[in-house]
Amino acid sequence: KLNVLGSVLYIAAHPDDENTRLLAYLANERLVETAYLSCTRGDGGQNLVGPELREQLGLIRTQELLAARRLDGAQQFFTRANDFGFSKTAQETFTLWDREQVLADMVWVIRQRRPDVLLTRFPPDARAGHGHHTASALLAIDAFAAAGDAKRFPEQLQYVQPWQPKRLLWNTGSFFVKPGDDLSHFLKLDAGGYNPLLGQSYGEIAARSRSQHRSQGFGSAAQRGEALEYFTSLKEGEALPKELFEGVDMTWGRTPAGFYVKEKLAKVVRDFNPANPAASVPGLLEARLYLQSAVTGSDKFSPSSSALYWGHIKLLELEELIRACLGLHLEATATEAAAVSGGAVTAKLEVVNRGPGPVRLLNIFTASPRQDSALAGQSKQLLATGHRATGWLRGAMTAERLDPGGYVVEQAIPAGGSFGQTLNLPLVGVPQGQPYWLREAGTTGMYRLSDGLTNIGKPANEPVVTMRVKFLLNGKNEVNQPADFIIGFDVPVQYKHTDPTLGELYQPLAIVPEVMVNLPAARAYVFADAQPKTIPVTLRAGRAGIAGTVALAAPAGWESSPASAPFALATKDAEQTLNFTLRPGPGAAPGHAELRATATVAGQAYSRGIQTIAYPHIPTQTLFPEATAPLVKLSVGRGKARTVGYLMGAGDEVPEALRQLGYTVTLLDPATDLTAERLARYDAVVLGIRAYNTIDKLKTQQPELLKYVENGGNLVVQYVVTRGTVLPQIGPYPLTLSNDRVTVEAAP
């Protein structure tokens with residue numbers, strides 16, 4: 001792959017829209033830099049694995065995309081567009097998406113990644129089947145032109161240069177190509193090949209990748225054998241190429257140092273011995289010397305935008321290859337899952353030399369994701385290529401020897417040997433660990449970012465702390481004489497624990513507030529009368545020895561008791577729950593309002609809670625939602641029904657909403673409760689969201705439900721996905737589920 005200098009950006013609207021087979025083929029067969037740009041994070045979908053919806057679901061789907069990319073070899077990017085749910089037209093989509101802002105984000109990613117080819121999943125018209133799909137293609141067409149125009153989004157040009165991709169193609173699929181269609185005017189390629197080095201076909205890789213979209217129920221079977229992909233140009237009148245990368249120089253000729261790097265790498269490839277990869281390290285180090293010259297500029301090579309971009313990309317690949325050939329295992333693990341900003345975290349660095357020869361560990365630096373003015377030049381370079389811009393912190397670790405170079409080790413690690421060091425890492429100025437796109441309140445259609453271009457496009461937060469571990473390696477210089485090389489590897493600090501059933505698990509280190517304020521999971525407090533409700537507020541300590549007061553803030557006319565209450569938390573992670581009583585007074589206005597809980601510690605107000613999202617297919621995620629809840633005062637007409645039997649579906653929080661309206665709700669066990677006799681005790685029975693997609697027991701118990709209805713019962717069926725129902729007929733009479741939907745909330 002080091003000898004292939006080509007790039008592709010695939011563009012669509014949502015997580016799970018991407019063509020994982022094509023991504024796997026491009027990344028692993030064609031060996032090009034391959035990335036997927038999803039306009040949204042999928043917040044508007046349904047959740048098949050749990051109750052999380054909206055922003056929480058978007059976080060899950062983001063991590064599912066990253067899990068998919070780890071399998072198919074592509075990279076992942078996003079815009080600020082928010083998935084607000086199904087939309088019938090691009091026109092409606094652009095009433096909620098800020099078209100110019102989403103376009104700017106797309107252009108930013110294109111200018112960073114410099115793709116030779118842009119591909120869209122969807123056509124720019126109604127055939128796309130979803131307004132977001134159509135909008136993603138329309139934006140790609142606009143971005144193709146705007147990315148190369150220096151007059152468009154000039155604020156980006158302090159970091160990047162205009163970039164014009166070679167071509168823009170629509171990757172048509174089975175939704176758009178029907179049996180009997182004339183395909184002679186399409187470019188086609190077979191993406192179903194078999195990779196003997198990986199031992200898998202691209203269809204097999206794609207199935208594993210796509211199956212990571214568990215929240216959407218996209219478990220996929222592997223495909224083997226021929227798999228044709230079709231492409232057509234989205235630029236009117238443009239001739240279709242004979243090959244995807246026709247006319248693109250994908251060699252080291254794209255960089256000034258290319259000739260020298262190519263020659264060095266050619267020898268490494270010729271001499272490579274899979275049984276002794278460490279023997280390739282001297283040659284790789286020599287190639288790295290030329291690459292560094294191309295990136296930084298020297299008397300021999302003058303830097304250009306192409307040299308900077310491909311130099312950074314290939315330098316990272318080359319250094320990772322050197323680490324792999326050396327057999328170096330590097331890991332930095334924190335002793336706790338969470339820490340407070342301004343405090344410190346204890347972490348252990350482990351270095352294991354699994355290669356055949358010794359390596360010399362020189363020193364260790366630590367870094368946190370902050371911008372230092374002294375690093376402005378480096379930050380610009382890294383922003384320009386889409387890589388992390390980090391300020392390296394020095395000398396703030398507990399160790400025997402400190403100097404301006406960090407923690408000095410200067411220790412040889414023999415073959416088969418290891419090195420371990422426990423360090424106390426400061427967290428000064430480290431921001432709270434809220435996902436960056438959720439730190440500020442956005443709109444229905446857009447996330448809001450006020451930190452400039454720093455985070456735009458990134459899939460997730462940077463690691464809280466990273467260790468840079470430097471080694472002295474022996475190699476040869478350009479005239480084949482012995483030489484010493486210093487090389488550093490970045491090691492993110494993570495929390496690691498062992499689950500008794502899942503084994504070793506890693507998750508990001510979380511930065512938490514000093515105190516977290518949690519309201520119950522119920523999304524709303526509905527008052528159908530003036531009866532008081534108990535509002536429990538749970539305080540959780542981010543550090544030991546924290547005390548203060550907590551109070552509820554409600555709109556005028558609402559009565560809260562007590563006005564405030566003291567709390568004291570002696571140890572980290574300790575919790576204390578305080579109960580408040582809330583009722584609408586005579587002056588409380590009907591309709592919707594907001595309740596907020598706030599803790600005060602030493603004059604500092606805290607009003608964020610903590611929420612952990614844990615599923616086995618993604619790393620555990622930590623959120624810090626505002627400690628707010630909707631207050632609703634209204635008159636509820638409940639008719640005769642009082643008792644409800646509820647069969648839970650997927651991503652379902654309706655039972656609590658019914659309880660808030662004053663109904664008595666009992667959750668039904670599908671194994672025992674779905675009989676006409678047992679159901680007769682309820683005034684109504686409600687089937688949860690996607691129940692007919694997820695509960696196999698309904699195959700056999702459907703007659704019992706219909707018998708309950710025949711006997712006078714009231715059965716309410718909620719949202720069902722048209723594909724994959726557990727039985728063909730779900731109604732008492734023949735009916736067909738339509739794909740038509742009402743999607744505008746304000747429609748009459």
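Ala128 is buried, because its relative accessibility of 7% lies under the 20% cut-off. The model is predicted. Ala128 sits in the loop between strand E4 (117-120) and helix H5 (131-146). The protein around this residue has 748 residues, and 51% of them count as buried.

**Surroundings of Ala128**
- Which residues does Ala128 contact, leaving aside neighbours within four places in sequence? They are Phe122, Pro123, His133, Thr134 and Phe176.
- Leu187 lies 59 residues from Ala128 in sequence. The C-alpha to C-alpha distance for Ala128 and Leu187 is 20 Å.

**Overall fold**
- The protein contains 14 helices and 37 strands.
- The radius of gyration is 29 Å. A compact globule of 748 residues would come near 27 Å, so the two values agree.
- Along the principal axes, the C-alpha atoms fill a box of roughly 90 × 70 × 50 Å.
- Take the contacts between residues at least 6 apart in sequence: 73% of them join residues at least 24 apart.

**Surface and charge**
- The protein carries 73 positive and 72 negative charges. How far apart are the mean positions of the positive and negative charges? They are 1 Å apart.

**Salt bridges**
- Side chains of opposite charge can pair when their charged atoms come close.
- With a cut-off of 4 Å between side-chain nitrogen and carboxyl oxygen, the count is 34 salt bridges.
- Arg288 pairs with Glu319 in a salt bridge, with the closest N and O atoms 3.0 Å apart. This pair links distant parts of the chain, 31 residues apart: Arg288 belongs to helix H8 (residues 281-296) and Glu319 to helix H9 (residues 305-326). Are Arg288 and Glu319 buried or exposed? Both are buried.
- Arg596 forms a salt bridge with Glu626, and their closest N and O atoms are 2.8 Å apart. This pair also links distant parts of the chain, at 30 residues apart. Arg596 is in strand E29 (residues 591-601), while Glu626 is in the loop between strand E32 (621-623) and strand E33 (628-633). Arg596 is partly exposed, at a relative accessible area of 25%. Glu626 is partly exposed too, at 34%.
- Glu504 and Lys496 form a salt bridge, with closest N and O atoms 3.3 Å apart. Glu504 counts as partly exposed because its relative accessibility is 47%. Lys496 is partly exposed at 27%.
- A network of salt bridges links Lys1, Glu33, Arg113, Lys314 and Glu317.

**Backbone details**
- Where is the cis peptide bond at Pro562? The bond joins Ser561 and Pro562, with omega about -5°. Pro562 is in the loop between strand E26 (558-561) and strand E27 (565-569).
- Asp16 has a positive phi, near 80°, and is not a glycine. Asp16 lies in the loop between strand E1 (7-12) and helix H1 (20-28). Why does Asp16 count as buried? Its relative accessibility is 9%, and buried means under 20%.
- Leu31 also has a positive phi, about 65°, without being a glycine. Leu31 is in the loop between H1 and strand E2 (33-38). At 27% relative accessibility, Leu31 is partly exposed.

Methods:
Residues are numbered from 1 along each chain as its sequence is written. Side-chain values use heavy atoms; hydrogens and water are left out. Helices (H or I, at least four residues) and strands (E, at least two) are DSSP runs, numbered from the N terminus. Buried means under 20% relative accessible area, exposed over 50%, partly exposed in between (1.4 Å probe, protein chains only). Contact means heavy atoms within 4.5 Å. The radius of gyration is taken over C-alpha atoms; the globule rule is 2.2 Å times the number of residues to the power 0.38. Lys and Arg count as positive and Asp and Glu as negative; His and the chain ends are not counted. The place of a charge is taken as NZ of Lys, CZ of Arg, CG of Asp or CD of Glu.
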